[in-house]
Amino acid sequence: MPDFLSPDLVSLRDKAAKLADDLRKILSDSASDSDSFPRVRDASKAAGVYELTSKSSTSALAMLVVRETLASRGVGHLAGIFAPDPGFLSGAQEPVRASHLVPVLDGRKRWGLGITEPAGVTRPTSARVDGQQLVINGTKSYVTGGQQADFVVALVEVEGKGPSMVIIDTNLPGVSISRRFSSIDGSAHAAFLFQDVRVPLHNALGKPGQGRSSALVRISQVRLAVASEAVGSCIYILDVVGEFLSRARKGGARAQSERIRMRYGHLRALTYAARATVYRSARLVDSGQDAVNEIIAAKLVATEVAGEVVDTAIQLVGGEALVVGHPLEETMRRLRTLRLAEGETDTLRVNLARGHFDLKKGRL
Ligand SMILES: Cc1cc2nc3c(=O)[nH]c(=O)nc-3n(C[C@H](O)[C@H](O)[C@H](O)COP(=O)(O)OP(=O)(O)OC[C@H]3O[C@@H](n4cnc5c(N)ncnc54)[C@H](O)[C@@H]3O)c2cc1C
């Protein structure tokens with residue numbers, strides 16, 4: 001194992017494993033996600049896992065250990081495991097703290113992230129300053145949770161000041177949902193149209209013009225979470241397929257075949273490499289070093305590896321693995337989205353090259 005965990009982290013990992021067992025029981029006797037949500041949340045609170053994401057003292061490595069352990073048991077994706085995520089609002093000052101941050105933390109308000117825009121837009125979402133207000137026009141095409149969101153935190157080009165993350169309440173005049181849709185992982189999204197939407201100047205979070213860099217810090221945290229989920233899922237898949245290949249059958253278990261062993265061994269090697277990459281990146285974050293490029297590498301390696309692992313696992317198991325409800329079918333749909341969400345793979349590759357050539361950043 002490339003983990004070298006401290007005794008505290010080993011005990012946290014064991015706690016997460018115990019929680020995962022409880023969550024699997026909840027999942028098996030719940031009719032729907034909305035049915036399981038309060039029970040998942042209560043079980044996570046009882047296990048002391050729920051609050052981890054909202055404590056600034058939680059290390060990147062601790063979050064990796066917990067997320068990976070939950071995903072390795074097939075429950076990492078369940079809604080309600082972690083406290084509501086303040087995202088870009090963390091550290092917000094008054095009046096935004098009272099109007100948006102606190103209601104998010106206590107579960108009264110929900111929000112979505114608006115970065116992606118439709119292909120071919122001639123002008124990105126932008127705002128002009130009018131007295132103490134911003135007047136916003138534009139579109140955001142892929143806001144997860146947007147259909148229920150009380151507000152969107154959107155990347156907006158503020159005239160004369162540059163990109164900023166701006167809070168846009170969804171009940172304001174000029175805000176409309178132009179499309180409601182869901183993706184193969186079952187998550188729901190909305191596309192938004194903003195037409196002369198007026199928000200107070202203080203809805204622009206952080207310093208104007210620093211929207212992209214604050215987005216980068218936040219996106220790095222989310223990318224590490226995605227990478228943790230991906231490597232945990234690899235372990236889950238290897239367990240599922242390993243158990244299938246070991247099953248006794250007439251003529252001997254499939255795992256006796258050298259051809260099968262070669263393919264299974266390859267998946268283990270890929271998983272080992274991806275885990276080592278993700279663990280190294282989390283340790284870099286915890287040592288206080290700039291790890292933006294390393295997290296990019298970890299996210300793209302972990303999600304691409306997970307894609308290959310689940311695809312080959314399905315091939316090894318055969319058609320049964322594609323029957324709706326099979327653990328590999330469900331995992332494949334979820335993992336497929338991770339190669340696009342939070343940074344699409346080719347874009348990340350180009351970003352890594354830019355880090356090296358233009359910014360002299362990024363370790364090997
Ligand atoms: C499940 C899911 C949830 C999502 N949630 C959100 C959300 O909450 N908020 C949000 O803002 N977005 C969200 N997205 C959108 C996601 O971030 C985008 O799909 C992703 O960034 C790719 O952008 P795009 O779809 O516009 O494709 P494009 O950017 O057009 O990319 C399509 C292809 O073009 C090529 N390409 C494009 N740009 C480059 C480049 N710079 N370098 C190299 N190749 C390039 C690549 O081959 C790429 O695969 C979500 C997506 C999914 C699948």
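**Exercise 1. Helices H3 and H6**

Task: Helix H3 (residues 60-72) and helix H6 (residues 258-286) pack at an angle of about 150°, with their axes 8 Å apart. Find how H3 and H6 run relative to each other, and list the residues that meet.

Solution. This is a predicted model.

Step 1. Two packed helices are described by the angle between their axes and the distance between the axes. Here the angle is about 150°.

Step 2. Angles over 145 degrees count as roughly antiparallel. H3 and H6 are therefore roughly antiparallel to each other.

Step 3. Name the residues. H3 brings Ala60, Leu61 and Leu64. H6 brings Val278, Tyr279, Ala282, Arg283, Val285 and Asp286.

Step 4. Sort them by class. The contact of H3 with H6 has seven nonpolar and two charged residues, and no polar ones.

**Exercise 2. Helices H6 and H7**

Task: Work out the direction and the handedness of the crossing of H6 and H7.

Solution. 

Step 1. Start with the geometry. The axes of H6 and H7 come within 9 Å and cross at roughly 160°.

Step 2. That makes H6 roughly antiparallel to H7.

Step 3. The crossing of H6 and H7 is left-handed.

Step 4. Look at the residues. Among those from H6 are Ile260, Leu267, Leu270 and Ala274. From H7 come residues including Ile295, Val301, Val305 and Leu316.

Step 5. Count by class. The contact of H6 with H7 holds 15 nonpolar, four polar and three charged residues.

**Exercise 3. Helices H7 and H8**

Task: Describe how H7 (residues 292-317) packs on H8 (residues 327-338).

Solution. 

Step 1. The two axes come within 9 Å and cross at roughly 155°. H7 is therefore roughly antiparallel to H8.

Step 2. The crossing of H7 and H8 is left-handed.

Step 3. On the H7 side are Thr303, Ala306, Gly307, Val310, Ala313, Ile314 and Val317. They meet Leu328, Thr331, Met332, Leu335, Arg336 and Leu338 in H8.

Step 4. By class, this contact of H7 with H8 has nine nonpolar, three polar and one charged residue.

**Exercise 4. Domains and ligand**

Task: Which two domains does the ligand lie between, and why?

Solution. 

Step 1. List the domains. The protein is divided into domain 1 (7-83), domain 2 (92-209) and domain 3 (212-357).

Step 2. Take domain 2 and domain 3. Their centres, taken over C-alpha atoms, are separated by 31 Å. The contact takes eight residues from domain 2 and seven residues from domain 3. The side of domain 2 that touches domain 3 has five nonpolar, two polar and one charged residues.

Step 3. Turn to the ligand. It is surrounded by 19 residues, the closest being Ile115, Thr116, Thr144, Thr337 and Asp346. Strand S1 (111-114), strand S3 (133-144) and helix H9 (345-357) each give two or more residues to the shell. By class, the shell has eight nonpolar, eight polar and three charged residues.

Step 4. Domain 2 and domain 3 both give residues to this shell, so the ligand lies between them.

**Exercise 5. Backbone exceptions**

Task: Locate a cis peptide bond and a positive phi in a residue other than glycine.

Solution. 

Step 1. Most residues other than glycine have a negative phi, and most peptide bonds are trans.

Step 2. The peptide bond from Glu94 to Pro95 is cis, with omega near 5°. Pro95 sits in the loop between H3 and helix H4 (96-105).

Step 3. Glu342 has a positive phi, near 60°. Glu342 lies in the loop between H8 and H9.

Methods: Residues numbered from 1 in each chain as written. Predicted model: local features only at pLDDT ≥ 70, side-chain atom pairs only at ≥ 80, totals over all residues. Axes fitted to C-alpha atoms, helices over the stretch in contact; angles between N-to-C directions. Helix = DSSP H or I, 4+ residues; strand = E, 2+ residues; numbered from the N terminus. Parallel < 35°, antiparallel > 145°, perpendicular 65-115°, else oblique. Left-handed = near helix turned anticlockwise from the far one by under 90°. Contact = placed C-beta atoms within 7 Å. Nonpolar A, V, L, I, M, F, W, Y, C, P; charged D, E, K, R; others polar. Near = placed C-beta within 6 Å. Domains from an automatic or database assignment.
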